[in-house]
Amino acid sequence: MHVSQPVFELANDALADKLQNRKIVVVVDSTVDALYGEMLRAYASQRLECVGIKTFAASEHMKTLESLQDVVTFAAEAGLPRKGIFVAVGGGVTLDIVGAAAAMYRRGTEFFRIPTTVVGAVDVSVGIKQGVNFGGKKNFLGAFHVPLGGINDPRFFASLPRRELSAGLAEIIKVGLLLDPSLFELLERHGEDLFTTAFQAPQSVALETMMRAELAMMRELQPNLWEHDLRRLVDFGHTFSSWLEPASAYALPHGHAVALDMLVSTALAVEARLCSYELLRRLVAMYRAVELPLEHPLVRTSSLLEALAPMRLHREGALNLVVPVELGLGTYLQDVEPEQLDRALRLVARVGVR
Ligand SMILES: NC(=O)c1ccc[n+]([C@@H]2O[C@H](COP(=O)([O-])OP(=O)(O)OC[C@H]3O[C@@H](n4cnc5c(N)ncnc54)[C@H](O)[C@@H]3O)[C@@H](O)[C@H]2O)c1
């Protein structure tokens, strides 16, 4: 749900209505708390049955079982009952950890999401996957756990650093390219504005962008929420990236790793004559407009090949590498040879310097 007034404005009933006087524990990213904590605390004390607020220094390094345990311990000590609700306020890391904690707490407690990053709003909050990293692997432990709901308030994005904005735009580009051509075209016209104004203007475009991205994701996820089918177009950009992120010691934000993956995957499709060079060129132009990376030292044939084996295992033997065919249409590659990757990387380098 989107709100027209700030989510923590005392006069805004949206959150209070959703939580219905049930006991809640709030877990908030400490950066978000520093920026919006005063409003959050006033709202929690005057409009909600809040039994505790836990701050959490969110980063990919902190997306661990220990952090999940801290959340659960805090809730138990605060006396959150079985029928209580966890409220997560923050980016994808916070939402994923709190969702996983809620799935485990008393064998399953409800939780509510208030995303404060673009990735959190258009991607994390649309699905039901919760989790933490484990054993050097992304999201290795977790659960499918359906949230009670969520509220999107794009005003939070005003304080996001540029790299988090571009990371969020990468996930929207993903959806536009494969699922909603008019979203992709909207980004071609306004992506730079959304990036430079942190989604604050033009307001109608920001809202349309968010809504289109969320709806397209929902349509795609809804028939396959529990992922019985491991061929998912929304995994575009999520094959090499799952390896790139930990391999960079999480210096690469999730969205930038996804962007690099989409670039290589699109170049592979061009090399295989599945998709036009023009689409790759348009993708690169969009990356330039919103400061997404076109290269990274880890994007080399040898390291990208390393990413494929664990992904094959994760997808039960099939690689299912998503590549675009044209705007709004994708397909899957089941094998990638080193020579194909070599050629794709050379193509990325060529189109990148133009
Ligand atoms: N569950 C899913 O389906 C799903 C989908 C996509 C991504 N993810 C996960 O989401 C995570 C990435 O999410 P993310 O990009 O939001 O990362 P994040 O939660 O680490 O947030 C990014 C940074 O922005 C800061 N921040 C958050 N809100 C802010 C605000 N309003 N103003 C200023 N700073 C703010 C955070 O403190 C952090 O430093 C990854 O762990 C990824 O695996 C999960």
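Visitor: Why does Glu208 count as partly exposed?

Guide: Buried means under 20% relative accessible area, exposed over 50%, and partly exposed in between (1.4 Å probe, protein chains only). Glu208 has 37% relative accessibility, so Glu208 counts as partly exposed. This is a predicted model: local features need pLDDT of at least 70, side-chain atom pairs count only at pLDDT 80 or more, and totals for chains, interfaces and linings use all residues. Residues are numbered from 1 along each chain as its sequence is written, and side-chain values use heavy atoms, with hydrogens and water left out.

Visitor: Why are Glu208 and Arg212 separated by about one helical turn?

Guide: They are 4 residues apart in helix 8 (residues 203–221). Helices are DSSP runs of H or I, at least four residues; strands are runs of E, at least two; both are numbered from the N terminus.

Visitor: Why is Arg212 called partly exposed?

Guide: Its relative accessible area is 27%. That lies between the two cut-offs, so the term applies.

Visitor: How do you know that Glu245 forms a salt bridge with Lys138?

Guide: Their closest N and O atoms are 3.2 Å apart. Glu245 lies in helix 9 (residues 241–247) and Lys138 in strand 6 (residues 137–144), so the pair ties together parts 107 residues apart in sequence. Both Glu245 and Lys138 are buried.

Technical notes. A salt bridge is a side-chain nitrogen of Lys or Arg within 4 Å of a carboxyl oxygen of Asp or Glu.
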